[in-house]
Amino acid sequence: RQPRFPSPDNPNSPTVLYGAMVAPLTPYTIRGVIWYQGEANAGAAWQYRTLFPAMIRDWRRAWGRGDFPFLFVQLPNYMARNSEPGESTWAELREAQALTLGLPNTGMAVTIDIGEADDIHPRNKVEVGHRLARWALADTYGRDVVESGPLYASSAVEGSAVRVRFLHADGLTTSDGEAPKALAVAGEDRHWHWADARIDGESLLVSSPDVPRPVAVRYAWADNPEATLTGGVGLPASPFRTDDWPALTAPKEMADGRALVRAMHERYADRWYRDFMLVQDVTYYEEGRETGQERMTEYISLPGRVRAIIGDIEEGDADIYVDGAFHRFEDGQPAGRLPTVHAVLVTGFDVYAQDPERTIAQLEELGIDLERLSESTWNGRPSWVVGAAPGDDETPQMWVEKERLLCVRVLSHRPYGVLD
């Protein structure tokens, strides 16, 4: 069964933005494209490695003008600054953007130094424009302009240190005149430690007394790193890693449904998840009998946190799903409870705000066999099916997208009807 889209006017529905705002422009001549986007894809950064280059190739095909210039902005620093090195989906999205430079006639403006911790849309767009203009002037118009700060090229272990080499490294320096910051090093145990770094010509020597035999280095690998490494003209170095260890957003092999649920919790614990609206039908039951149906708008504002709203929100009257039941609100105040059956709401729970073992218990209560795990696709995306074989709509089951680790369907037969 295909999911119901919110509405043909919702810009988050497939084809809407492209059909309304891109396709009509393809008959016109263009010189190139400037692209600033990626924040909403951080949770699926591994997928972005495929999606973003595919979009560029498709636009070039649609215009039929060859490999026209495609310049884009790498995500800036954002959110709270971590005191210890670790993993970051925003860092993985930046890596996916940097890998896109492998396409011909592309350029990337690095903005890792001009973001804002509490604003996903930082205000300093003038500097963003200047950095994009450098790429256009140098590569498209042939001006003698430095277009980029340092970009990672290669690394090699030298005793207890790692030497990192760059492209665009002429005049390698730091923005504050001190030793480079935001560098981490790890050994074979893959435990990251803050590192000391010394500029040596157009390369860096990175080491840590805690890692006598280093194997990997990362720079600015965080949501909001203190990134100070720059080239001679002040353009910042792009974040990088020398390792190819499993990424947070990469598809993972799972032993069973329990391991999958724990991985979902680990992915989204304490992390903001993009708001979205979904319109679905709700069936009302009283004493096991169907009493009516209604169209419902479901609003998800945090990972797994579900607020279901029926009615006109602006007027302050709505039915809102709270603590396991629907509550009728009038003039903004609770006025009673409503009996309801709806799959996402009954099993949506505040999954990432609770212990994963409770989520596992809730799924088992629905009759889902968490020992049973198979693979399929949901809406064209690789997915796991827990509890049943693909195509079996009788056995209780849960579907989870592989790349985003998001639950997209739960099916369970209840005494008062089918929950799907």
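In what order do the four strands of the open sheet stand, and is their pairing parallel or antiparallel? The order is 8-7-11-13, and the pairing is antiparallel, where two strands count as paired if DSSP finds at least two bridges between them. Strand 8 (192-194) and strand 13 (240-241) stand at the edges with a single partner strand each, so one side of each is left without a neighbour in the sheet.

This is a predicted model, in which local features need pLDDT of at least 70 and side-chain atom pairs count only at pLDDT 80 or more, while totals for chains, interfaces and linings use all residues. Residues are numbered from 1 along each chain as its sequence is written, and side-chain values use heavy atoms, with hydrogens and water left out. Helices (H or I, at least four residues) and strands (E, at least two) are DSSP runs, numbered from the N terminus.

Strand 9 (residues 196-200) and strand 10 (residues 203-207) are joined by five antiparallel bridges, with Asp200 opposite Ser203 in strand 10. Two residues lie between the strands of this hairpin, where Gly201 takes a positive phi near 70°.

Turning to helix 7 (residues 356-365), Thr359, Ile360, Gln362 and Leu363 are buried, that is, under 20% relative accessible area with a 1.4 Å probe and protein chains only. They cover an arc of only 160° around the axis, which puts them on the same side of helix 7, the arc being that of the directions from the helix axis to the C-beta atoms. Just after helix 7, Gly367 takes a positive phi of about 90°.

How values were computed:
Buried means under 20% relative accessible area, exposed over 50%, partly exposed in between (1.4 Å probe, protein chains only).
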